[in-house]
Amino acid sequence: MSKKKTNAKALGWTKFIVCTVLYLLFLYWVESWWGLLVVPFIFDCFVSHKIKWGWWREPEVSPAVRFIMGWVDAIVFALVAIYFLNQFFFQNFVIPSSSLEKTLLTGDYLLVSKVAYGPRIPQTPLYVPMTQHTVPLLNCQSYTTAVQWDYRRVKGLGKVQLNDIVVFNYPAGDTVALNQQNQDYYRLAYQMGDQILGTPGETPIEPTIPASRAITDDMDFAAQQSLYSKIYAAGTAYMKQNAEEFGDIKARPADRRENYVKRCVGLPGQTLQIRQNKIYLTDANGKTFLNRDAEDVQYAYEVTFKTDLPEDLKKEWGVTDEDLYTVRSGNVVVMPLTQAVKKAMQARPDLVEKIKPAQPADEWLYPLNMKKNWTTANYGPVWIPKKGASLKLTTENLPIYERPIRVYEGNQLEVKNGKIFINGKQTDTYTFKMDYYWMMGDNRDNSLDSRFWGFVPEDHVVGKPLFIWISLDPDYGWFNGHVRWNRFFKNAGN
């Protein structure tokens, strides 16, 4: 054997040993030994060469085939590498809305660590890399549910902590109307059904009195739930009948639901209550404490302007076109402000006539099928489910925990004659199988968060943003401030 062949063989063995050790460490981490079936192929690739992996490189193969297969080889390798990295290590995420401003801005591109909380073994493993649920341009579904695996998360660097910013799959996104994907399907159904079943009003301001007004505190549980069910059924029927406007109604598995990013303001086992916009948490020992606001938290105010804001002040104060024009009537604007910007505006009577707090939202908050007098500023109390913890169920608190029990943990839940049945057995307690979290935006009055759609189950948690790698301002052009250079590689706010 020539020295050249000997060196090539030694190099092949070295590559095989290094690759195999790394691969075995990966299998040990994910606790999936089915992957050992791949080891013989790694051995053949580097040592035995029984399979002609690069057959198109042979001299007798036509140049055209070599060219095409070279590109196919490069594309397949890139897709496999991207799939592997996105699934287990890192993922790119862009902030699509203003719900976390001014901590994270619309147009911030984040590098999200999946190792922070431990990556999930894919529940829907067959999908097009770098897509969530839809193939761009083709506008078709990017995954197949032919193969579905149970939820399992491998060990990460830690768990979700209070006030972490977290990327997660949108819990209420299990059902979507494809032409209205930016809308919460369930809230939309209740809102439309409420109007459809409503009665004629007597004033132009309120031409229709919503059906939900008939639900009162003195109604029993069965009567309340009956009317809520009718409202929801009317709304869903309307969407199905108007497919041109709403599109197909689609169900999605947990890991293919839309990615959201919010701040965790409540942990498993804690009781959360919002009083005058302040978040209070009570732990398992009964100790209550005020959870701190984020440094740049925003609340909505009704601002009466004397004149338009100069462009330089818009940039200095971080005021966006969305802030100024989404809710506006003449010179009166309902807009989010940090305390610093609020004080700066109050110091400019030449620009601003007055500022007063805006009214908090109070319609169709979570749970949607429970009569309550909550608002986004005064909400709860709500106990956040914890894995292994048992809760005493009543018809009063059942609407809060119905979705986790029925949808997220896959149980059959019924109420008959005021008695609760889970999987056919009467019970007044339930022990949760997963941890849950309460997520809210720092732009408190412009954030559709847990106050509207409830708990985030642990199997929906994707990862933790590390830093902003690029930031693009949608309000400005490429040569007029579109790139926010000062945000490059900035900490993501955790």
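Tutor: Let's start inside this predicted model: the largest cavity holds about 40 Å³ of space.

Student: How many cavities of 30 Å³ or more does a search of the whole structure find?

Tutor: One.

Student: And how do I read a cavity's lining? Which residues line the largest cavity?

Tutor: The general idea is to look at which residues have an atom within 4 Å of a cavity point. Here the lining is made up of Lys102, Gln298, Trp317, Gly318, Val319, Asp323, Pro336, Leu337, Thr338 and Val341. Sorted by class, five of these lining residues are nonpolar, three are polar and two are charged.

Student: Let me pick Lys102. Where is Lys102 found, and is Lys102 buried or exposed?

Tutor: Look in the loop between β1 (90-94) and β2 (108-113) for Lys102. For burial, the cut-off is a relative accessible area under 20%. Lys102 has 16%, so it counts as buried.

Student: What does Lys102 touch, not counting residues up to four places away in sequence?

Tutor: Its contacts are Asp296, Gln298, Gly318, Thr320, Asp323 and Thr338. Take Thr338: it is 236 residues from Lys102 along the chain, yet their C-alpha atoms are separated by 7.9 Å.

Student: Which backbone oxygen does the side chain of Lys102 reach?

Tutor: That of Gly318, at 2.5 Å. The side chain of Lys102 also makes a polar contact of 3.5 Å with the side chain of Asp323.

Student: Now the backbone. How do I read omega, and which residues does a cis peptide bond join with omega about -10°?

Tutor: Omega is the angle to check at each peptide bond. In this model, the cis bond with omega about -10° is between Tyr366 and Pro367. Pro367 sits in the loop between β17 (352-357) and β18 (379-383). Another cis peptide bond, with omega about 10°, links Gly380 to Pro381, and Pro381 is in strand β18.

Student: What about phi? Where is Asn417 found, and what is its phi?

Tutor: The thing to look for is a positive phi in a residue other than glycine, and Asn417 shows this with a value near 55°. Asn417 belongs to the loop between β20 (413-416) and β21 (419-422). Its relative accessibility is 81%, so Asn417 counts as exposed.

Student: Where is Phe489 found, and is Phe489 buried or exposed?

Tutor: Phe489 is in the loop between β26 (461-471) and β27 (490-491). Phe489 is not a glycine, yet its phi is positive, about 60°. With a relative accessible area of 60%, Phe489 is exposed.

Technical notes:
Residues numbered from 1 in each chain as written. Predicted model: local features only at pLDDT ≥ 70, side-chain atom pairs only at ≥ 80, totals over all residues. Heavy atoms only, no water. 1 Å grid on protein atoms, 1.4 Å probe; cavity = no way out; pocket = protein on both sides within 12 Å on 5 of 7 lines; lining within 4 Å. Points joined across faces, edges and corners; volume = space filled by probe spheres on them. Nonpolar A, V, L, I, M, F, W, Y, C, P; charged D, E, K, R; others polar. Helix = DSSP H or I, 4+ residues; strand = E, 2+ residues; numbered from the N terminus. Buried < 20%, exposed > 50% of the residue type's maximum accessible area, 1.4 Å probe, protein only. Contact = heavy atoms within 4.5 Å. Polar contact = N/O pair within 3.5 Å; in protein donor to acceptor, adjacent residues only side chain to side chain.
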